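My entries follow in the order I looked things up.

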Amino acid sequence: PDSIYFGLGKYISLFMKLPFQKTCLARIPKTTPGNEFFDPSYNAIRPIVFVADENQNSYHPSDNDALDKLREAKVIHICLTQSLHSLLRGQDSNGVYQYLTSFRNKLFLQAGDQKDAEFYANLCGHKDKEVKSFGYSESSRKASIDYLQGKVDSDESNINSSVNFQVRKEFIFHPTDFYNLRKMQGIFVGQNKNSRMEPTYVYAKPHFIDWNKSYFEFIDTIN
């Protein structure tokens, strides 16, 4: 934490991650048949999980390449950050965007910044939506002014209406949807094995409440 290590915390976390990443990358030749380092007795099924809370304090640009390589070594990454804005602080924006898009599963909680909300909406993607529009027009011939009533009068007038349909790209979740998320409510986008899941709302129910209560019953008691 910055309260203890100040600016050194980021570099301490970097040197702590390097031996971990090196050890995990060594799994690849041990589990790949046909090379001199292959070890049939090595337990390749054993899961390895890397958890980084407050990731904005430990992120480094080298994590971009490591994330891609460690996926081949079957390392699960769970990273939590306060916001996109905090992760971008002092970092290259393109590198941070590449880092975030590398995660297959993402969970977004309530956004407090316009830039964050727009980025989350773009990650959720777009869909084709049919938009209906109406138009009205009026035409007349031999129009004259009725001075008594103070309006235009015509014996030959027409009123036309039209309906148009247009397909255009729309956000699956609009940026404002991320502002309006309730407590312990989020928007999840990810993959189920090889297929991409449709972004959807998810609801977190804390472990300390009655399991017989639904999320909505619990939220109503704290609002």
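I started with Phe103, which lies in the loop between α6 and β3. Helices (H or I, at least four residues) and strands (E, at least two) are DSSP runs, numbered from the N terminus. I am working on a predicted model, in which local features need pLDDT of at least 70 and side-chain atom pairs count only at pLDDT 80 or more, while totals for chains, interfaces and linings use all residues. Residues are numbered from 1 along each chain as its sequence is written, and side-chain values use heavy atoms, with hydrogens and water left out.

Is Phe103 buried or exposed? Phe103 counts as buried, at 14% relative accessibility. Buried means under 20% relative accessible area, exposed over 50%, and partly exposed in between (1.4 Å probe, protein chains only). I then listed what Phe103 is in contact with (heavy atoms within 4.5 Å). Leaving aside neighbours within four places in sequence, I found Leu67, His77 and Cys79. Leu67 is 36 residues from Phe103 along the chain, yet their C-alpha atoms are separated by 8.5 Å.

**Helix α6**

Next I checked α6, residues 93–101. Its buried residues are Gly95, Val96, Tyr99 and Leu100. They cover an arc of only 130° around the axis, so they are on the same side of α6. The arc is taken from the directions from the helix axis to the C-beta atoms. Among the elements that cover these residues I noted α4 (62–72), β2 (75–79) and α7 (114–124).

**Nonpolar cores**

A nonpolar core here is a set of buried Ala, Val, Leu, Ile, Met, Phe, Trp, Tyr and Cys residues joined through side-chain atoms within 4.5 Å. The largest has 23 residues. Those that touch the most other members are Leu84, Val96, Tyr99, Leu100, Phe108, Tyr120 and Phe178. α5, α6, α7 and β8 each supply at least two residues of this core. The largest share, six residues, comes from α7. I also looked up Phe178, whose contacts beyond four places in sequence include Phe108, Tyr120, Phe173 and Ile187. A second, separate core of nine residues includes Phe50, Ala66, Leu70 and Ala73.

**Salt bridges**

How many salt bridges does a search of the whole structure find? It finds four. The test is a side-chain nitrogen of Lys or Arg within 4 Å of a carboxyl oxygen of Asp or Glu.

- Asp63 pairs with Lys17, the closest N and O atoms being 2.7 Å apart. Asp63 lies in α4 and Lys17 in α2 (residues 8–25), so this pair ties together parts that are 46 residues apart in sequence. Both Asp63 and Lys17 are buried.
- Lys169 pairs with Asp128 at 3.2 Å. The link runs from β7 (residues 156–171) to β4 (residues 126–141), 41 residues apart. Lys169 is exposed, with a relative accessible area of 58%.
- Arg168 pairs with Glu170 at 2.9 Å. Arg168 is partly exposed at 42% relative accessibility, and Glu170 is partly exposed at 24%.

**The three-stranded sheet**

Last, I traced an open sheet with the order β3-β8-β11 and antiparallel pairing. Strands pair if DSSP finds at least two bridges between them. β3 and β11 (200–203) stand at the edges with a single partner strand each, so one side of each has no neighbour in the sheet. Four bridges join β8 (residues 185–189) to β11. Gly186 has Val202 in β11 as its bridge partner.
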